[in-house]
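Please open the model in your viewer and keep the selection panel at hand. The stops below may be visited in order.

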Amino acid sequence: AAVSPLSCCHQHSEEVCESCVVKTTLTAENAVEANKLSNNYKFGFKKWKSHVTARPWEDRSEIVKELYSDLNVIRGSGGSTVTCGNVLYLLLFGWWLSLFYGIVAAVMFVTVVGAPYGQLCWDLAGYFLWPFGKVIQRVEVPTSHHVCGAGAEETSPLLGGPVPHRWRPWCWGHTGYWQRAGAAAWLCLGYPVLVVAHGLVSVTAWLLVFLIPVAKLSARTAARVLLLPPERVLVRRLRMTEVPLEGEVILCCYSAVNPYYYKYTVDGINVFAVNLLPLVLVTLVLGYVDSHNHLTSSSVKFTLALLSIMPLSYYIGMAIASISAQSTFAVGAVVNATFGSITELTFYITALIKGSREGNRCYTEVVKSALTGTLVGCVLFVPGLCMVIGGIRHQEQRFNSRSAGVSSALLFLSVGGVFAPTLFSKVYGKLVCGECHNVTQNPLGHYLCHNCHLDLMDNNGTLYYSHVQPLVYTVSLLLPAAYLIGLFFTLKTHSHIYDIHISDCHMPGHHHSAVVHWSRWQALVILLLSTLCMSACADLATEHISPILTNSTISQYFIGVTVLAMVPELPEIVNGIQFALQNNLSLSIEIGNCIAVQVCMLQIPILVLFTIFYPTNFTLVFSDLHVYASMFSVVLMNYIFMDGKCDYFQGTVLVMVYFILLAVYFFAPSPSGC
């Protein structure tokens, strides 16, 4: 898909073109992608960068096409093969893989009947020591090739040179017997060892992502080369001017490392999300099987559970985007509203339940810190980081100030509503301190007090139950109502503020029907399974966070506002960075604003509603640090976004302010109750 402002179709009349000029025209490969792009600009919809449909092969760049090649294309002269990536292959895999082949070759020579396979392994030992600029081909063996004449010369029309002579014991007679015996020896003694070695190389290289060419090379060898008769495998080095005329090229590799493999996808799923998926299985098995921490500690399980949330967040986001792109506006709005905040809410609710069961107020404080950390991070860090990275490529970036103004107004409203009960309690609450000491030895002098907090339960809780709690319920009703009004305003009555036009014209080569990666039902199943796994991982995270909270020297405030708040948002941050690199800062800003608005207007009211049916220690009264940090962040963001343009310096300011607030949280004492 492409985003092109001030573009119009040549086939349209001038009147239509004049109406197109004032809008941003989105050009997509098909109707589903166009719907997804349109949803990206809708308030309350999840912003998604990746495609939800398969792109036509001819429309992809040469760089992307190379990522999906089978390593069987012979290119012309490409320069020296001695590169840093190829040397890295030699150090990581080449030397010991070649050694394995040498050992197997010796074993096969000892068996006598497996001598042809020994010769093949010897040739492959040299190949895998440095496979670059070499070729493995499957050659057709003529009938005369099996005749063991003493003066017969073996040649290959494929590369114009002699076929390497392999020792064939079946020349002694009983050809069929010797061939079967050699194959049996190979399948019992040689092939299994090499398959294990190649499997280890493939898995390791795949997990390293940028070494995926090595994984393909190794997997193709185990699946094809090692299963061919040895006389049909030709291994040799390509000369600079040599081009094979016929025959099948099985492997031809020039580079072990390709830095563009971060774009690689499997059925539309980014390779990093694919690689992290086994981590979810390990986390669930380890967490529920080793419940008494015999194998690992609680800290390890907490870390694994938290890391597992990242790929699950990615799958949830892609499922939501897929369903929304293939459905009507109403269905998309319901799915986004229902599952858009499921990642954070799952963790918050499980933490509140555990804190209620244990009677530990520390879990409530951690949830409040995570809520504040998400708000501050999405207002400062996410847009700031996108501005900095986007500013490296683009000197100045512009965005839609009107759409950003709607989000800013909702943020002001939501922050004021969320912290209204806190301000109310500070005006009318009673300050209670644990202990006080007279530092001047004078009854009228100064007192130093510790463990002070506002008591809302004075006089049997009259202040809280008669004044604060009704205010909390009122705010929790008004904030979702304001969110719905914002949706109606931006999506219905004033949708023109986004200046988006979906072009009906097709670019050359775009006459393709949509081939979706995930159908609606498939996306729904993945969405439900990911949500279920997310709940299990959140349960494990809250189950094993207690030792970290009690034994850690770091403030619980800091743990909440950093790790628990920002790790689930990493897929959103990556999306924002990708939009910024394409000079589409509007979506980068909207990603942070949308999450921040949902925290205040949806997540917090849902938590308040949850406490009605399942009583917990969660109250909508935050510490002074949370109030000041949130309000200052929103004010600063509105000041930066006032003129509708920005650069890397303004982004640096937002990021630096965010790190200053993190330093404040780091050195802050732990909240009361922890």
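The tour passes from a helix to a pair of strands and then to aromatic side chains. The model is predicted: local features need pLDDT of at least 70, side-chain atom pairs count only at pLDDT 80 or more, and totals for chains, interfaces and linings use all residues. Residues are numbered from 1 along each chain as its sequence is written, and side-chain values use heavy atoms, with hydrogens and water left out.

Select residues 585-613, helix α20, which has 29 residues. Helices (H or I, at least four residues) and strands (E, at least two) are DSSP runs, numbered from the N terminus. At V599, α20 bends by about 40 degrees; the bend is the angle between axes fitted to the seven residues ending there and the seven starting there. Because 25 of its 29 residues are buried, α20 is largely enclosed by the rest of the structure. Buried means under 20% relative accessible area (1.4 Å probe, protein chains only).

Next, select strands β3 (residues 134-138) and β6, which run antiparallel and are joined by five bridges; strands pair if DSSP finds at least two bridges between them. K134 stands opposite R237 in β6.

Turn now to the aromatic pairs, of which the whole structure holds 22. Rings of Phe, Tyr and Trp (its six-membered ring) pair if their centres lie within 6.5 Å; planes under 30 degrees apart count as stacked, over 60 as edge-to-face and the rest as tilted. Select Y101 and F128: their ring centres are 5.3 Å apart and their planes at 10 degrees, so the pair is stacked. Y101 belongs to helix α4 and F128 to helix α5, 27 residues apart.

Key
Expected span 1.5 Å × (residues − 1). Buried < 20%, exposed > 50% of the residue type's maximum accessible area, 1.4 Å probe, protein only.
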